[in-house]
Amino acid sequence: MSDTMDICGLKAERGQKLQTYIPVLDSNTKIPITIINGQNDGPTLLITAGIHGGEYPGIAAAIEISQAIEPEVVYG
């Protein structure tokens with residue numbers, strides 16, 4: 001596994017959490033993104049939310065998870 005996780009030009013080094021925004025093409029809209037690159041090797045997980053605009057519990061859960069998880073305890 002690489003020491004650097006690169007998603008659309010946003011880079012997170014091993015053991016780092018990056019919370020920022022990513023632009024939506026051809027618009028002035030930006031969406032939040034959290035990249036957590038675990039301290040140790042392991043599988044990769046993607047969590048998405050807000051696919052349907054009225055489904056707020058998934059958005060709230062994704063925000064809470066991204067704030068709670070620390071890269072020091074993550075594998076992958």
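Asp41 and Arg14 form a salt bridge in which the closest N and O atoms are 3.0 Å apart. This pair connects distant parts of the chain, since Asp41 belongs to the loop between strand E4 (30–37) and helix H1 (56–68), whereas Arg14 belongs to the loop between E2 and E3, 27 residues apart. The structure is a predicted model. Asp41 is partly exposed, at 47% relative accessibility. Arg14 is also assigned as partly exposed, with a relative accessible area of 22%; this value counts as partly exposed because the buried class is limited to residues under 20%.

Arg14 takes part in a further contact. Its side chain meets that of Asp3 in a salt bridge, with an N to O distance of 2.9 Å.

Across the whole structure, the search returned four salt bridges. Among them is the pair formed by Lys17 and Glu70, whose closest N and O atoms are 3.6 Å apart. Lys17 is located in strand E3 and Glu70 in the segment after H1, so this contact ties together parts that are 53 residues apart in sequence. Glu70 is partly exposed, with a relative accessibility of 36%. The distance of 3.6 Å for Lys17 and Glu70 qualifies as a salt bridge because the cut-off is 4 Å.

The surface was also examined for nonpolar side chains. Leu45, Ile47, Ile65 and Ile69 make a nonpolar surface patch of about 360 Å². One of these residues, Ile65, is found in helix H1. The relative accessible area of Ile65 is 35%, and this residue is therefore classed as partly exposed. Ile65 can be counted in the patch because patch residues need over 30% relative accessible area, and the value for Ile65 is 35%.

Notes: Residues are numbered from 1 along each chain as its sequence is written. This is a predicted model: local features need pLDDT of at least 70, side-chain atom pairs count only at pLDDT 80 or more; totals for chains, interfaces and linings use all residues. Side-chain values use heavy atoms; hydrogens and water are left out. Buried means under 20% relative accessible area, exposed over 50%, partly exposed in between (1.4 Å probe, protein chains only). Helices (H or I, at least four residues) and strands (E, at least two) are DSSP runs, numbered from the N terminus. Patches are made of residues with over 30% relative accessible area and no salt bridge: like charges are joined within 9 Å, nonpolar side chains (Val, Leu, Ile, Met, Phe, Trp, Tyr) within 5 Å. Accessible areas come from the Shrake-Rupley method with a 1.4 Å probe; for residues, only the protein chains shown count as cover.
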